[in-house]
Amino acid sequence: MSTTANADAPQGALDPKDFKSFKVIKKEKVTHDTQLIRFELPEGQVSGMYTASCLVTRAPIGENGKNVIRPYTPISTPNTKGYLDMVVKAYPTGVMSKHICGLQVGDSLDLKGPIPKYPYQANIKKHIGMIAGGTGIAPMIQVINEILNNPADKTEITLVFANHTADDIILKKYIDDLAAKHANFHVHYVISKANLMGLFWKGKVGLVNQAMIKELLPPPSKDNLIMICGPPGMMKDVSGPKAPDFTQGEVSGYLKELGFDPSNVYKF
């Protein structure tokens with residue numbers, strides 16, 4: 001069954017119209033400030049997510065018990081049965097992220113979805129370049145798995161994954177294993193600060209910049225696409241932010257300077 005379009009999405013445990021409560025059944029430390037949280041789904045049931053889609057979380061953790069709602073992208077594949085995995089970084093000012101990372105096994109969280117994002121279809125592009133910062137890797141993992149799990153999909157993928165330090169890289173072993181198994185998946189790591197003056201670091205050092213994008217990612221073309229997801233500062237510099245109404249908005253920053261436009265850039 002296809003998991004790439006809303007109409008084709010499998011009927012799952014999530015509801016796109018109403019919040020439902022899901023119990024935490026596993027919690028695993030990924031980095032010093034990031035947790036993998038596994039939510040239980042009814043036995044034998046999928047989540048109902050598809051590529052590319054996200055969900056929203058809800059908890060009464062605002063002022064005077066007001067509900068706070070935030071979007072997240074699960075990293076488990078749409079056809080995973082019995083559970084749904086999310087990777088969440090506890091940001092110092094992130095009310096929801098700190099709440100989720102503080103959940104314990106047996107606690108519950110309200111989830112609603114899926115919410116459609118990029119309508120991916122196999123071989124829709126020849127080459128997809130991805131720029132991810134921190135937990136912005138989550139929607140990229142969703143698309144990467146969709147492509148690599150389909151032998152008929154010949155799309156080339158190049159991922160530029162930016163983090164503060166090497167210790168902050170989320171799911172590095174998982175990503176490296178995928179790259180080792182699939183010749184059409186290439187990964188470049190970028191860290192803004194290297195320990196020991198970069199003595200043992202093999203990747204790039206600094207912030208994602210125009211020269212880096214030009215060197216590592218596919219050029220602007222109707223056959224290519226750049227996907228980007230990361231913190232606001234990175235989005236501002238690389239692609240420009242989304243519009244105030246959360247539509248894609250105009251492309252600016254390094255990507256515009258390199259000749260990209262809204263037809264070949266997607267902002268998660």
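Which residues have the most contacts inside the largest nonpolar core? They are Leu159, Ile175 and Met227, in a core of 36 residues. A nonpolar core here is a set of buried Ala, Val, Leu, Ile, Met, Phe, Trp, Tyr and Cys residues joined through side-chain atoms within 4.5 Å, where buried means under 20% relative accessible area, exposed over 50% and partly exposed in between, with a 1.4 Å probe and protein chains only.

The model is predicted, so local features need pLDDT of at least 70 and side-chain atom pairs count only at pLDDT 80 or more, while totals for chains, interfaces and linings use all residues. Residues are numbered from 1 along each chain as its sequence is written, and side-chain values use heavy atoms, with hydrogens and water left out.

Leaving out residues up to four places away in sequence, Met227 touches Tyr118, Ile128, Gly129, Met130, Ile131, Met140, Val143, Tyr266 and Phe268, a contact being heavy atoms within 4.5 Å.

**Aromatic rings**

Three aromatic pairs are found in a search of the whole structure; rings of Phe, Tyr and Trp (its six-membered ring) pair if their centres lie within 6.5 Å, and planes under 30 degrees apart count as stacked, over 60 as edge-to-face and the rest as tilted. Two of the pairs are set out below.

| Pair | Centre to centre | Angle of planes | Type |
|---|---|---|---|
| Tyr118 and Tyr266 | 5.2 Å | 65° | edge-to-face |
| Phe161 and Tyr189 | 6.3 Å | 45° | tilted |

Tyr118, in the loop between strand 6 (108-116) and strand 7, is 148 residues apart from Tyr266 in strand 12 (residues 265-267), and the pair links these distant parts of the chain. Both Tyr118 and Tyr266 are buried, and ring pairs link Tyr118, Tyr266 and Phe268 into a cluster.

Because Phe161 lies in strand 8 and Tyr189 in strand 9, their pair ties together parts that are 28 residues apart in sequence. Phe161 is buried, with a relative accessible area of 0%, and Tyr189 counts as buried at 9% relative accessibility.

Note on methods:
Helices (H or I, at least four residues) and strands (E, at least two) are DSSP runs, numbered from the N terminus.
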